[in-house]
Amino acid sequence: MNEKIHTFTIGSEDIDANRHMNNARYNVHFDAARVEFFNGTGFSVDSLTERGLGFFIPKKGPTRYFRQTFEGDFLTITTKFQKYDGENKVVTLQRMFRGEDIVSREDSTYVIVGLDDGKGREIPEDLIAKIV
């Protein structure tokens with residue numbers, strides 16, 4: 001399955017009173033990497049909206065933290081599809097690294113739904129081909 005790499009440097013806006021990256025900022029960076037990943041795989045919000053589809057996220061996280069990170073650290077986030085249920089759910093796995101060391105990870109489950117009724121819809125075949 002496709003994997004996308006997203007890099008960033010921790011800025012002063014990411015730092016809390018303990019002088020390390022605030023837990024909420026991990027989610028901000030994971031979200032930015034996930035949007036970049038979805039846009040690159042054809043699962044962008046725009047491409048789904050054109051088909052009358054959208055995302056619903058019934059399960060996100062938990063975010064697991066393994067090491068502290070600090071202002072100026074250069075981090076890499078890898079995002080990939082981990083699982084497809086054969087109908088309307090996909091799971092992404094994201095891992096954040098400082099060099100070779102894992103810093104944090106997060107799994108998220110996405111259900112593809114109809115914009116008209118919010119009910120689960122099968123993922124179109126051409127999109128499935130991009131994730132498996």
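## Close-up views around strand 6

**Strand 6 and its partners.** Six bridges join strand 2 to strand 6, and the two run antiparallel. Here strands (E, at least two residues) and helices (H or I, at least four) are DSSP runs, numbered from the N terminus, and two strands pair if DSSP finds at least two bridges between them. In this pairing, Phe55 stands opposite Ile112 in strand 6. Strand 3 (residues 64-65) also runs antiparallel to strand 6, with two bridges, and Arg64 sits across from Arg105. Ten bridges tie strand 5 (residues 89-98) to strand 6, again antiparallel, with Gln94 facing Glu106.

This is a predicted model, in which local features need pLDDT of at least 70 and side-chain atom pairs count only at pLDDT 80 or more, while totals for chains, interfaces and linings use all residues. Residues are numbered from 1 along each chain as its sequence is written, and side-chain values use heavy atoms, leaving out hydrogens and water.

The mean pLDDT (the predictor's confidence in each residue, from 0 to 100) is 91 for the protein, and 99% of its residues reach 70 or more. Confidence is lowest in strand 2 (residues 53-60), at a mean of 80, and highest in strand 1 (residues 3-9), at 95.

**The turn between strand 5 and strand 6.** These two strands make a hairpin with two residues between them. Look for Gly99 in the turn: its phi is positive, at about 65°.

Ser104 belongs to strand 6. Eleven of the 14 residues of this strand are buried, so the rest of the structure largely encloses it; buried means under 20% relative accessible area, exposed over 50%, and partly exposed in between (1.4 Å probe, protein chains only). Ser104 itself counts as buried, at 0% relative accessibility. A polar atom of its side chain lies 2.7 Å from the backbone oxygen of Arg64. Beyond its neighbours within four places in sequence, Ser104 is in contact (heavy atoms within 4.5 Å) with residues including Tyr26, Phe30, Gln94 and Met96.

**Thr69 in its loop.** Thr69 is in the loop between strand 3 and strand 4 (74-84), yet it is buried, at 0% relative accessibility.

**The largest nonpolar core.** A nonpolar core is a set of buried Ala, Val, Leu, Ile, Met, Phe, Trp, Tyr and Cys residues joined through side-chain atoms within 4.5 Å. The largest one has 13 residues, and Phe38, Phe43, Leu48, Phe81, Val90, Ile112 and Ile123 have the most contacts inside it. Helix 1 (23-41), strand 6 (101-114) and helix 3 (125-131) each give it two or more residues, with helix 3 providing the largest share, three. Apart from this core lies another, of ten residues, among them Phe8, Tyr26, Leu75 and Met96.

**Gly118, part of the way out.** Gly118 sits in the loop between strand 6 and helix 3. With a relative accessible area of 46%, Gly118 is partly exposed. Gly118 and Phe70 are 48 residues apart in sequence, and their C-alpha atoms are 40 Å apart in space.

How values were computed:
A polar contact is a pair of N or O atoms within 3.5 Å; within protein, one must be able to donate a hydrogen and the other to accept it, and residues adjacent in sequence count only if both atoms are side-chain atoms.
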